[in-house]
Amino acid sequence: MFESFLEWRKKVGLDAILSEVVDPAVEEVLDRAFCPKVLKGMDKRGRPILYCKMGTIDLPALLAEGVTMDQLVRRHLRSVEALQKKVEAARDPLQGHLSIV
């Protein structure tokens, strides 16, 4: 199963997703509509805080503005990869737990 995950990561290019060139017009539309917006800082233990309001994405509106499902999925993958990098860079990433609210 883990090998399948690694193959998928390679297939979709996740190792380079944070450095890929993104269309600024599409990114602007996604910034207005998609969560997570940005990482919101660190807690007292140095772990990243992420605010995400779920269930608010208006897919028909995004598609009408020219955003494809692939662009939406890649935006989400970039957000998850950025969060992973922040967790790995935390002073003590294994201390405590990850809360999803």
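Q: Which residues make up the largest nonpolar core?
A: The model is a predicted one. In general, nonpolar side chains of soluble globular proteins tend to be buried together. Here the largest nonpolar core has six residues in all: Val26, Val29, Leu30, Leu62, Val67 and Leu72.

Q: Why do the buried residues of H2 lie on the same side of the helix?
A: The buried residues in H2 are Val26, Glu27, Val29 and Leu30. They lie on the same side of H2 because the arc they cover around the axis is only 160 degrees.

Q: Which residues are exposed on the other side of H2?
A: Val26, Glu27, Val29 and Leu30 are the buried residues in H2. Exposed means over 50% relative accessible area. On the other side of H2, the residues that are exposed are Pro24 and Arg32.

Q: What is the angle between the planes of Phe2 and Phe5?
A: Both residues lie in helix H1 (residues 2-12), three residues apart, which is about one turn of the helix. Residues three or four places apart point the same way, because an α-helix has 3.6 residues a turn. The rings of Phe2 and Phe5 form a tilted aromatic pair, 5.8 Å centre to centre, and the angle between their planes is 40 degrees.

Q: What accessible area do Phe2, Phe5, Leu6 and Trp8 have together?
A: Phe2 is exposed, at 55% relative accessible area, while Phe5 counts as partly exposed at 37%. Leu6, found in helix H1, is partly exposed at 42%. With Trp8 they form a nonpolar patch on the surface, and the accessible area together is about 410 Å².

Q: What distance separates the C-alpha atoms of Glu20 and Arg78?
A: Glu20 lies in the loop between H1 and H2 and is partly exposed, with a relative accessible area of 26%. Along the chain, Glu20 and Arg78 are 58 residues apart. Their C-alpha atoms are separated by 9.5 Å.

Conventions. Residues numbered from 1 in each chain as written. Predicted model: local features only at pLDDT ≥ 70, side-chain atom pairs only at ≥ 80, totals over all residues. Heavy atoms only, no water. Core = buried A, V, L, I, M, F, W, Y, C linked by side-chain atoms within 4.5 Å. Buried < 20%, exposed > 50% of the residue type's maximum accessible area, 1.4 Å probe, protein only. Phe/Tyr/Trp six-rings, centres within 6.5 Å; stacked < 30°, edge-to-face > 60°. Helix = DSSP H or I, 4+ residues; strand = E, 2+ residues; numbered from the N terminus. Patch = residues over 30% accessible without salt bridge, like charges linked within 9 Å, V, L, I, M, F, W, Y side chains within 5 Å. Areas by Shrake-Rupley, 256 points an atom, 1.4 Å probe, with all protein chains shown as cover. Salt bridge = Lys/Arg side-chain N within 4 Å of Asp/Glu carboxyl O. Arc of directions from axis to C-beta.
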